[in-house]
Every structure is written in C-alpha cells, then in structure tokens.
Amino acid sequence: MILSLVACSHIEGDSRQLFVTIEPYRFVVEAVAGEEWNVRSIVSNGGNPETFDPMPSDLLALASSKAYFMVGGLGFENGWKEKIAELYPHLLLVDTSQGIERDEDDPHVWTSPDNISLIADNICGAMCRIDSLRANYYNKRLMQFKERLFETDSIVESKLQSCKGASFLIFHPSLTYFSNRYGLRQITVEHEGKEPSIMQMKSVVDAADEADVRCLFMQAGFDARSMQAVANELSIEIVEINPLSYDWHGEMIRIADALSLTDSKDD
C-alpha cells in the first residue's frame, strides 16, 4: 500500500529541502549546509530508529527533497534504501558512514568525534555535488564546524583524563565508539538485542562488580526501572543519556561529566 501511494508522487526535488534519518545528523547537515536549506528528520526526537517503521507520509515527503543523508545500515534504512532509490531517482542518497570502521553490534557511529568529522566530510562532499557553485561556502562551513568539534573533543578529553581504562555499565550498546575514542570500557546488559536471562544478568553484574563500574547508562526511551535492582546491588547511579539528541556537543559533554563526577566522588 505504501509503495502504491508513493509511486503516484513524482514531485521533483525541492532545492531547499534535505532529509536525514535522525536528529544528530540534522544538526551536522544544518551546520554544513547553512540556513538556506530546510533539513528534516524522518525519525523524530524520542523515536527509536532501530525499530522505526516509516509511514506513507514519511516516504511521500522524500519526493520533495534534494538529498537524503543516511546513517548507513541503521534500522529501517537497510530495508528501504533500494525502494527509495527506485521511487525517487532524482533523490541523492548519501551513506554518511563512508570511511568509518563500523562495529556490527553498535550502529551509533556518531558518538565519536573522529566519526562525526568523517560524517561531516561526506555531507559536505554531497552538498558540493548538489550545489557546486557554492562549494567554497560549504567547505568554509565545514571548517568552522570542525573547529567547534575540536573544542568539544578537547573538553571531553580533559574531563575523562583521570578515567582512562575505567568501566561503565550500559543497557543498550550505544557508546562503543565513544569508549574507543576515550579509552573506556563499555559493559552491556542487553544480549544480542534481547533482554538478558537470569544467568546472563548474573554474569553481567559479576563482570561489572569486578571492573568497579562507575555508573549505569540508560538510553532515553528505555525503561530504567528494570535496571534499578542492578544499580542498587552495585551501588551505582542510573544516568539517562540520549545519543539521539540534536544537541550533539552538549550530550557528549554530559556523558563525560557523568563519568568524571563519579571519579571525583571515589577520590
């Protein structure tokens, strides 16, 4: 039914309309593309892109877009990429993860500043293809974005300086790239996308206890109540994070603060 509805639409791409999958990418695209472009997210803030199923209106909206910037291999993107390309041959589909070494268990590639830099490069390259006459403008904005990116990375690095090698517990694996960048260890509760069994939960708790974990991160949208017993047993705090936040810079610093404040309490 969705394909039939969309197939009836043949609107040419609006030169001022761009789409992304999630909010952090809207932030980066807006930073590179500038205010003259209208950037929209298919998955609204608070939605889960890994379980998201697009409505006909979502796909119809793409008909008026010039480009669609994808995370690359995230949730519904896998199943809809070829269909979208067939329905909208005018639409530039951009896999922004080109050049990133991905972890199969964690699609949250944007939680690393190094990866965000590559993502911004790919976005800028696509914008220069779409609007070649303004290539210098997009490259200048890219450099400005990277200057702020470097500042954020430096702040987070400084906050986590005393935390090198430290461990934290997280329900859903969403900080793999963050951990790799800053020399941390992520211990996950969720097992292969499913709730852990009693034995698996015991194994996780034992590993977390041995590693002297600093806190338990819960991604926004997940039920933290199920993890309260784990937090109580380990005497650690549950900290809600939102890797899907539009405020990428603020979220990175907030995660670093949660780890560094725990460190200061231990001291």
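This is a predicted model: local features need pLDDT of at least 70, side-chain atom pairs count only at pLDDT 80 or more; totals for chains, interfaces and linings use all residues.
## A strand covered on both faces

Strand E1 is covered on both of its faces. Gln17 and Phe19 are buried on one side. Leu18 and Val20 are buried on the other.

E1 spans residues 17–20 and pairs with E2 in the parallel sense, over four bridges. Across that pairing, Leu18 stands opposite Val39 in E2. Phe19 stands opposite Arg40 in E2.

## The sheet around E1

E1 belongs to an open sheet of four strands, in the order E2-E1-E3-E4. The pairing is parallel. At the edges are strand E2 (38–41) and strand E4 (92–95), and each pairs on one side only. From one strand to the next, the twist averages 20°.

Helices pack against these strands. Helix H2, residues 23–33, lies across E1, E2 and strand E3 (67–70). H2 runs at about 170° to E2. Helix H4, residues 77–87, packs on the sheet and touches E3 and E4. The direction of H4 makes about 160° with that of E3.

## The whole protein

The protein has 267 residues, and 51% of them count as buried. Its secondary structure comes to 10 helices and eight strands.

In soluble globular proteins, nonpolar side chains tend to be buried together. Here the largest nonpolar core has 70 residues. Which residues have the most contacts inside it? They are Phe69, Trp110, Phe178 and Phe217. Helix H5, residues 113–130, gives the most to this core, with eight residues.

Phe69 shows what such a position touches. Leaving aside neighbours within four places in sequence, its contacts include Leu18, Phe19 and Val20.

A second, separate core has 16 residues. It includes Val213, Leu216, Val230 and Leu234.

## Two helices side by side

How do H5 and helix H6 (residues 135–159) cross? Their axes come within 10 Å and cross at roughly 170°. Angles over 145 degrees count as roughly antiparallel, so H5 is roughly antiparallel to H6.

From H5 they include Pro113, Ile116, Ala120, Cys124 and Met127. From H6 they include Ala135, Tyr138, Leu142, Phe145 and Leu149. Charged residues take part too: Asp121 in H5, and Lys146 and Asp153 in H6. By class, the contact has 11 nonpolar, two polar and three charged residues.

## Another four-stranded sheet

Four strands also form an open sheet in the order E6-E5-E7-E8, with parallel pairing. Which strands lie at its edges? They are strand E6 (185–188) and strand E8 (237–241), and each pairs on one side only. Neighbouring strands of this sheet are turned by 35° against each other on average, direction ignored.

Strand E5, residues 167–170, pairs with E6 in the parallel sense over four bridges. Leu169 stands opposite Ile187 in E6. Helix H8, residues 198–211, packs on this sheet and touches E5 and E6. The direction of H8 makes about 155° with that of E6.

Methods
Residues are numbered from 1 along each chain as its sequence is written. Side-chain values use heavy atoms; hydrogens and water are left out. Two strands pair if DSSP finds at least two bridges between them. Axes are lines fitted to C-alpha atoms, for helices over the stretch in contact, and angles run from 0 to 180 degrees between N-to-C directions. Contact means heavy atoms within 4.5 Å. A nonpolar core is a set of buried Ala, Val, Leu, Ile, Met, Phe, Trp, Tyr and Cys residues joined through side-chain atoms within 4.5 Å. Buried means under 20% relative accessible area, exposed over 50%, partly exposed in between (1.4 Å probe, protein chains only). Angles under 35 degrees count as roughly parallel, over 145 as roughly antiparallel, 65 to 115 as roughly perpendicular and the rest as oblique.
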